[in-house]
Amino acid sequence: MSINFKKSYKFAIKSSFYISLFATGLVGILLYLFYEINYSFIGLFGLTTLSFSFFVLQYRVEKFIYKRVKKIYDDVSLLDSTTLRSQPITTDMATLTREVQKFATDKKIEIETLKIREEYRREFLGNVSHELKTPLFTVQGYLSTLLDGAMKDKTLLKKYLQRAEKGVERLIYIVKDLDMITKLETGDLNLEVSEFNIIEVVQNVFDLLEMKADEKNILLMFDRKHPKPVLVRGDYEKIEQVLINLIMNSIKYGKQNGSTEVSVEDLVNNKVIVRVTDNGEGIQKHHIPRLFERFFRVDKSGARSEGGSGLGLSIVKHIIEAHDERIYVDSKYGYGSEFSFTLEKAS
Ligand code: ADP
């Protein structure tokens, strides 16, 4: 940003005019009283006083103000000390003005950033405690009921302990997600890039989630056979996490007897695109822009049994972006959704 430093002579002109008016008047009166009045002498005297006082004022005042401001400036050590040295004073004033202005702008930006961070922190903490509260109270509820006497009933004892255990599992799940998102958002998570077969990773995730899919009789499949490996470059574990989250969502929000299809296709520029398509409940258009936000859920009530931490998709987005790749979503409400992401092909 360039700041025009406007040099002003107004102060010096006005002040020197008053001084010379006074001095010339005084000299004129004294001459009139004690000697003989000489107009050319008075004129010359007036002009000399005017120009002399103008220069003194202009230079001295500027220097005085400059010194004072610079001292304040130096006291708060804002200025790079080399910026001002050995320059004529007027240029120095310009530099000083520019530096002060720059300082003010920088501070403003800094304050804005801090405000945003503070807001983020507050919101994050609020969300975290909200997320943890429900499973914690569930666990506490079952344990208290058992301690209050229900434990004497053998069937209740087992049932409530199992429910409490489910609550603890959910807590662990949320804490793990929180841990992951914190690492991702603070940039603490370094990628361990290697070359691997993406088809194999998808197959592993299918195997891992098969039981979960079976509960809803959802079929996990590739769109076609992949007899040859498709080698990509990336962090194996993180990409596996992406696939787990996406395929898990396709099951959670998929319909009974539905299917989840994964396709891996070549793209231009040495990339592949991995698509996870389901024929589940789909997502309304207006929810799509917020889908990747932390803690965003379409169903806010949390009443659904499937509810996760609301962090799954933001974790996915972070991981894909850390790879410098892109993630896309396409969904038709009532028909299904497709989440896809790109990866670099290993050459
Ligand atoms: P959650 O832990 O709630 O699943 P996510 O970040 O994984 O959190 O997903 C955010 C929201 O996006 C979900 O609550 C759900 O409403 C919606 N969503 C995600 N994936 C799908 C999908 N395949 N089909 C329909 N809705 C989905």
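Which helices and strands each supply at least two residues of the shell around the ligand? The legends below take up this point and the surrounding views. The model is predicted: local features need pLDDT of at least 70, side-chain atom pairs count only at pLDDT 80 or more, and totals for chains, interfaces and linings use all residues. Residues are numbered from 1 along each chain as its sequence is written, and side-chain values use heavy atoms, with hydrogens and water left out.

**View 1. Shell around the ligand.** Elements α6 (236-252), α7 (312-322) and β7 (336-345) each supply at least two shell residues; helices (H or I, at least four residues) and strands (E, at least two) are DSSP runs numbered from the N terminus. The largest share, 3 residues, comes from α6. Of the 19 residues around the ligand (a heavy atom within 4 Å), those that come nearest are Asn 249, Lys 252, Tyr 253, Gly 310 and Leu 313. The shell divides into 8 nonpolar, 8 polar and 3 charged residues, with Gly counted as polar.

View 2. Polar contacts are pairs of N or O atoms within 3.5 Å. A polar backbone atom of Gly 310 is 2.8 Å from a ligand oxygen atom. For Val 298, a backbone N or O atom lies 3.4 Å from an oxygen atom of the ligand. The protein buries 98% of the 530 Å² that the ligand exposes when taken alone (Shrake-Rupley method, 1.4 Å probe).

**View 3. Packing of α5 and α6.** Helix α5 (residues 198-215) packs against α6 at an angle of about 40°, with the axes 9 Å apart; axes are lines fitted to C-alpha atoms over the stretch in contact, and angles run from 0 to 180 degrees between N-to-C directions.

How values were computed: A polar contact is a pair of N or O atoms within 3.5 Å; within protein, one must be able to donate a hydrogen and the other to accept it, and residues adjacent in sequence count only if both atoms are side-chain atoms.
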